[in-house]
Amino acid sequence: MSRLKRFATGVLSGYAAIIANVLYTLCSIPLALHFLSRAEFGLWSLVTQIATYLLLLDLGMAGSISRILIDHKDNIADGNYGAVIKTGALVLMVQGALIAIGGILLTFGLVSLLEIPLNFARDFKFLLAGQCIALGVFFVTRMSLHILNAHQRYDFGNYGQIAYFAANLVAMWIGFRAGLGLYAMLLGNVAAMFCSSALLMGAVRALNLFPAREAWGTASWPVFRQLFAFSNELFLLSLGQQLVNGSQALVITRTLGLDAVTVWSVAMKAFSLAQQFIWRLWDYSAGAIAEMIVRAERDRMRQRFRQIFVITASLSVLTATAIAVCNSDFLAIWTRHRIAWSRTNDFLCAALLVVNCVTRLHVGLLGPTKKIGRMRYIYFLEGVSFVILGLLVGRQWGIGGILVAAIVMNIFWTGIYGILRTAREFNVNAREIIIDWQKVPARFASVLIPLAFVTAWFTHSLPNGTRLAVNAITIGIVGTGLLWKLGLTDELRREAMERLSKLRRRID
C-alpha cells in the first residue's frame with residue numbers, strides 16, 4: 001500500500017473514529033448526567049485527568065518505540081526489528097506496574113491537596129485506584145498500536161477507538177441500570193480497554209507485522225539504551241504537553257470547585273472533538289514524514305510539511321469559528337439548559353483551538369526528525385507557567401481567565417520558539433513562516449470571522465434550535481466555500497483537483 005493510500009485510509013478511518021466519539025459523547029454525557037449529579041460527574045472528570053498524568057510514567061517511550069521501529073521496519077528479518085519489540089514490551093510491562101502502584105499511592109494525598117469534599121473522598125480514592133490499575137494492566141498491550149503506527153496502519157488504531165467507544169457506552173449503560181452509580185463509568189472504561197486491546201493485537205497478527213520466529217532478535221540493554229535515549233528527550237515534551245492540555249480540570253477544581261469542572265468538561269467537548277479532527281492531518285502524516293527523512297527525501301518533506309501547515313491552519317479557523325457561533329445553543333439543547341457558559345468563553349476557546357493546532361505542528365515536527373533539543377524545556381516551561389498563572393487568575397476571572405492564560409503562554413513559549421526551530425530545520429528565515437506560510441490562513445480568517453459575527457448578530461433573537469440551525473448551515477456552507485477559495489494555496493487546489501480526476505476515472 002502506497003503512502004498516499006495509507007494516509008487516505010488513516011484519515012478516513014480517523015474521521016470515522018471521530019464520528020464514533022461524537023456519537024459516544026452525545027449519548028454518554030446526557031446518560032451520565034441523568035444518573036449522576038453535576039458534582040459527581042465533575043469528580044469522574046477529575047479522576048480521569050489525574051490518571052492521565054500517571055501515563056507520563058511512559059517517559060516518552062511510546063513515541064520512541066514507534067519512531068525506532070520505523071528505522072528497522074524495512075528489514076524485519078535482520079533481528080533488530082524484533083529486538084525493539086521485545087525490549088519495548090518489557091519496558092511497557094514495568095511501566096504498567098508503576099502506573100497501577102502510583103495510582104494507589106496518590107489516593108492518600110490528593111483529597112486534601114485538591115480540596116475534595118469529604119462526602120466524595122471515599123469514592124474518589126476507589127475510582128482513582130481502579131482507573132490506574134486498569135490502565136496499568138492494559139499498558140503493555142499498547143505495543144500493538146506502536147507497531148501499527150510504525151507501519152502507518154493508522155486505520156486499525158482508529159477501528160480500535162471505535163470499539164473503545166462502543167464497548168464503553170454499552171458497559172456504562174449496563175452499570176447505571178444495575179445501580180452502580182459512579183462506578184458505572186469505571187466499568188465502561190475497563191470494558192473499553194479490553195475490547196480495543198483485543199482488536200489491535202488481532203490486527204498485528206492478521207497483517208503479519210511480527211517478524212518470523214527465527215528473526216525476533218533478543219531484548220537487550222543496547223536496544224533499551226537506544227529507546228531510552230530518544231524517549232528521555234520526549235519525556236519533558238510529554239510532561240509539558242500534559243500540563244498544557246491536561247491540567248485545566250486540576251486548576252479549575254482548586255480555584256472554582258467540582259461544579260465548574262463539570263461545566264468545563266461538557267462545554268469544551270465540541271472544541272476537543274474539533275481539535276482531534278484537525279490533528280488527524282498531522283498525526284497520519286508524521287509517519288510518512290519520518291519515512292521521508294529516513295530515505296533522505298528532504299525537499300519533498302519540506303513541501304509536504306508546508307502544505308499540511310496551510311491546511312491545518314485554515315481548517316482550524318473554519319471549525320473554531322463555527323463552533324464558537326454554535327456552541328452555546330448546542331449546549332442549551334443538548335443538556336436541556338443544565339450546562340451553560342458565556343459566549344466570551346466560546347470565542348476564547350476558538351482562539352485557543354487555532355493557536356494550539358498551529359503551534360502543535362512545530363512541536364510535532366521534532367519527533368520525526370529526532371531533534372527534540374531545547375523544545376523539551378520550552379514546552380515544559382509553558383505547562384508550568386500556565387498552571388501557575390491559571391491558579392493566580394482562576395479565582396478572580398474564572399474560566400475566561402484560565403483560557404486567556406493558556407493562549408498567552410502557548411504563544412509566548414511554544415509559538416515563538418517553535419517557529420524558530422522550524423525555520424532552522426528547513427533553513428529558511430523565520431519571517432517566511434510567520435508571514436508567507438500564514439498569509440493564506442490569515443486571508444481566509446479575515447473574511448470568515450466578520451461573516452460569523454454578522455451572522456450571530458442577525459440571529460441573536462431566534463430560539464435556540466432555529467439559531468443553531470441557521471448559524472451552522474450558514475457558516476458550514478459559506479465557510480467551506482471560502483476555505484476552498486481563500487484558505488488553500490493554488491498548488492493545493494490543483495493537486496486536489498488532480499486527485500479527484502484520477503478517482504473519477506477509476507470509478508468510471
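**Figure 1. Burial and overall fold of the predicted chain.** Of the 508 residues in the protein chain, 55% are buried (under 20% relative accessible area, 1.4 Å probe, protein chains only; exposed is over 50%). This is a predicted model: local features need pLDDT of at least 70, side-chain atom pairs count only at pLDDT 80 or more, and totals for chains, interfaces and linings use all residues. Numbering starts from 1 along each chain as its sequence is written, and side-chain values use heavy atoms, without hydrogens and water. The chain holds 21 helices and 0 strands (DSSP runs, numbered from the N terminus: H or I, at least four residues; E, at least two).

**Figure 2. The largest nonpolar core.** This core has 123 residues; Phe124 and Trp341 touch the most other members. A nonpolar core joins buried Ala, Val, Leu, Ile, Met, Phe, Trp, Tyr and Cys residues through side-chain atoms within 4.5 Å. Helix H18 (residues 375–425) gives the most, 13 residues. Another core, of 20 residues, lies apart; Ile289, Ile419, Ile433 and Trp437 are among them.

**Figure 3. The surroundings of Trp341.** Neighbours within four places in sequence are left aside. Contacts (heavy atoms within 4.5 Å) of Trp341 include Val263, Trp264, Asp346 and Ile399.

**Figure 4. A nonpolar surface patch.** Ile101, Ile104, Leu105, Phe108, Ile133 and Val137 make a patch of about 600 Å². Patch residues have over 30% relative accessible area and no salt bridge, with nonpolar side chains joined within 5 Å; a salt bridge puts a Lys or Arg side-chain nitrogen within 4 Å of an Asp or Glu carboxyl oxygen. Areas are Shrake-Rupley values with a 1.4 Å probe. Helix H4 supplies the largest share, 3 residues. Val137 belongs to helix H6 and counts as exposed, at 55% relative accessibility.

Key: Patches are made of residues with over 30% relative accessible area and no salt bridge: like charges are joined within 9 Å, nonpolar side chains (Val, Leu, Ile, Met, Phe, Trp, Tyr) within 5 Å.
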